[in-house]
Amino acid sequence: MVKKLQKLSADKKKSNAQLSSTVKDSAQQIWLAGLGAFSKAQEEGGKVFEALVKEGLTIQRKTQAVAEEKITEATSRVTTMASDIGSKAQGQWDKLENIFEDRVAKALAKLGVPSARDLEALSARVDALAKGSKAAPAKAAAKPAAKAPAKKAPAKKAAPAKAAAKPAAKAPAKKAAAKKPAARAAADTGASAPSAS
């Protein structure tokens with residue numbers, strides 16, 4: 001039995017030795033495989049790194065192109081929206097301005113303040129009256145000058161002096177008649193009649 005135990009222990013020692021030898025061999029092979037992978041990675045690492053950089057550049061360019069396209073699209077959308085909003089806002093401001101102008105015009109009309117059209121019409125009437133009044137004194141001055149020599153000549157005779165007095169009386173009546181249309185026109189425009197001088 002002792003022999004059997006010795007044989008078993010010897011077999012165990014052999015199997016332990018074989019097992020440890022197998023483990024050592026496996027570990028050695030794993031270590032060598034790792035060293036081989038490391039050296040290969042060092043050799044081809046530069047190539048792989050450069051390939052990765054090139055691939056990264058192409059992806060970055062594609063991404064930038066897509067981003068710029070999206071930015072351009074978004075910018076055009078925002079621009080059109082801004083112009084639409086601006087035109088709508090301008091339309092609203094125009095409406096508001098028109099409403100304000102209408103209300104102010106109505107308030108001024110209620111207060112009796114003349115509008116710009118009223119002032120233009122009044123100015124045109126005043127100009128027309130001024131032209132008419134300048135022509136009237138020139139005619140009136142021309143008529144008495146023509147009659148004045150007639151008055152001097154008949155001064156020698158008494159009968160013609162009476163005849164000359166009658167036309168002189170008619171002349172003031174003509175001046176008063178000329179002033180009446182001017183007074184009527186002034187009353188139409190709301191201005192006061194020109195004073196006689």
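Colleague: In what order do the elements of the protein chain run from the N terminus on?
Modeller: They run α-α-α, with three helices and zero strands in the protein chain. Helices (H or I, at least four residues) and strands (E, at least two) are DSSP runs, numbered from the N terminus.
Modeller: This is a predicted model: local features need pLDDT of at least 70, side-chain atom pairs count only at pLDDT 80 or more, and totals for chains, interfaces and linings use all residues. Residues are numbered from 1 along each chain as its sequence is written, and side-chain values use heavy atoms, with hydrogens and water left out.
Colleague: How much of the protein chain counts as buried?
Modeller: 2% of its 197 residues. Buried means under 20% relative accessible area, exposed over 50%, partly exposed in between (1.4 Å probe, protein chains only).
Colleague: Patches next. Which residues make the nonpolar surface patch?
Modeller: F100, V104, L108, L111 and V113, over about 480 Å². Nonpolar side chains (Val, Leu, Ile, Met, Phe, Trp, Tyr) are joined within 5 Å, like charges within 9 Å.
Colleague: Where does L108 lie?
Modeller: In helix α1. L108 counts as partly exposed because its relative accessibility is 36%.

Conventions
Patches are made of residues with over 30% relative accessible area and no salt bridge: like charges are joined within 9 Å, nonpolar side chains (Val, Leu, Ile, Met, Phe, Trp, Tyr) within 5 Å. Accessible areas come from the Shrake-Rupley method with a 1.4 Å probe; for residues, only the protein chains shown count as cover. A salt bridge is a side-chain nitrogen of Lys or Arg within 4 Å of a carboxyl oxygen of Asp or Glu.
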